[in-house]
Amino acid sequence: MTVEGCVNKTIILSFIVLGGAMISWTYAYTFSGLLMVMAILGFATAMFTIWKPQYSNISAPLYAVFEGLFLGAISFLFNSMFPGIVMQAVMLTLGVLFLMLFLFSHFGLFFISQPHMLYYAMLYYAMLCSVLLRFVLLGSALRRFALLCS
């Protein structure tokens with residue numbers, strides 16, 4: 001697959017996810033009861049795509065639809081709890097996605113060779129551990145603050 005093919009497929013699948021999210025956001029009260037069903041169907045489709053990559057031309061768009069439906073419904077729930085947070089997250093995510101696709105396709109940046117894969121995997125693992133540790137520490141601090149305020 002060429003770089004242009006990869007970028008084009010990423011853009012097409014991203015628009016499918018956005019379309020599914022808009023549908024489930026519009027009909028959120030219908031889809032909110034089906035959150036777990038959509039999550040399980042998306043996971044099953046992802047596993048099928050991993051084990052049978054020759055069928056990815058069918059299963060990848062199907063996964064994008066399930067993921068979009070799930071993300072739209074759960075985003076509606078989060079937006080009802082914290083108004084405005086979803087729009088910020090969506091705009092930042094799309095901005096980063098299209099910026100990275102632009103840099104990857106036009107300048108050839110971010111080429112990962114075989115010797116660097118272990119380095120990048122360790123870097124991403126360290127970042128994940130750092131974020132999870134912050135959530136744990138911040139969560140305990142917020143609970144203590146909530147107890148003090150009550």
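I started with helix H3 (residues 35–51) and helix H4 (residues 56–81), which pack at an angle of about 155° with their axes 9 Å apart. This is a predicted model, where local features need pLDDT of at least 70, side-chain atom pairs count only at pLDDT 80 or more, and totals for chains, interfaces and linings use all residues. Residues are numbered from 1 along each chain as its sequence is written, and side-chain values use heavy atoms, with hydrogens and water left out.

I noted the terms. Helices (H or I, at least four residues) and strands (E, at least two) are DSSP runs numbered from the N terminus. Axes are lines fitted to C-alpha atoms, for helices over the stretch in contact, and angles run from 0 to 180 degrees between N-to-C directions.

H3 and H4 are therefore roughly antiparallel to each other (angles over 145 degrees). H3 passes H4 in a left-handed crossing: the near helix is turned anticlockwise from the far one by less than a right angle. I looked up who touches whom (contact is heavy atoms within 4.5 Å). Among the H3 residues are Leu-35, Met-38 and Phe-48; from H4 they include Tyr-63, Phe-66 and Phe-70. The contact of H3 with H4 has 15 nonpolar residues, five polar and no charged. Here Ala, Val, Leu, Ile, Met, Phe, Trp, Tyr, Cys and Pro count as nonpolar, Asp, Glu, Lys and Arg as charged, and the others, Gly among them, as polar.

Next I took H1 (residues 3–26) and H5 (residues 85–107). They pack at about 170°, axes 10 Å apart. H1 and H5 are therefore roughly antiparallel too. H1 also crosses H5 left-handed. Val-3, Leu-18 and Trp-25 are among the H1 residues that meet H5, whose side includes Val-86, Phe-98 and Phe-104.

Then I checked the largest pocket. Its volume is about 570 Å³. A pocket is an open set of points on a 1 Å grid where a 1.4 Å probe fits, with protein on both sides within 12 Å along at least five of seven lines; lining residues have an atom within 4 Å of a point. Of its 20 lining residues, Leu-18, Ala-21, Ser-75, Val-86 and Val-90 are the closest to its centre. H5 gives the most, eight residues. The lining holds 15 nonpolar, five polar and no charged residues.

Last, I looked at Phe-76, in H4. Beyond neighbours within four places in sequence, Phe-76 contacts Trp-25, Ala-28 and Tyr-29. Its C-alpha lies 8.0 Å from that of Val-86, 10 residues apart along the chain.

Key
Angles under 35 degrees count as roughly parallel, over 145 as roughly antiparallel, 65 to 115 as roughly perpendicular and the rest as oblique. Grid points are joined across faces, edges and corners, and a volume is the space filled by probe spheres set on the points.
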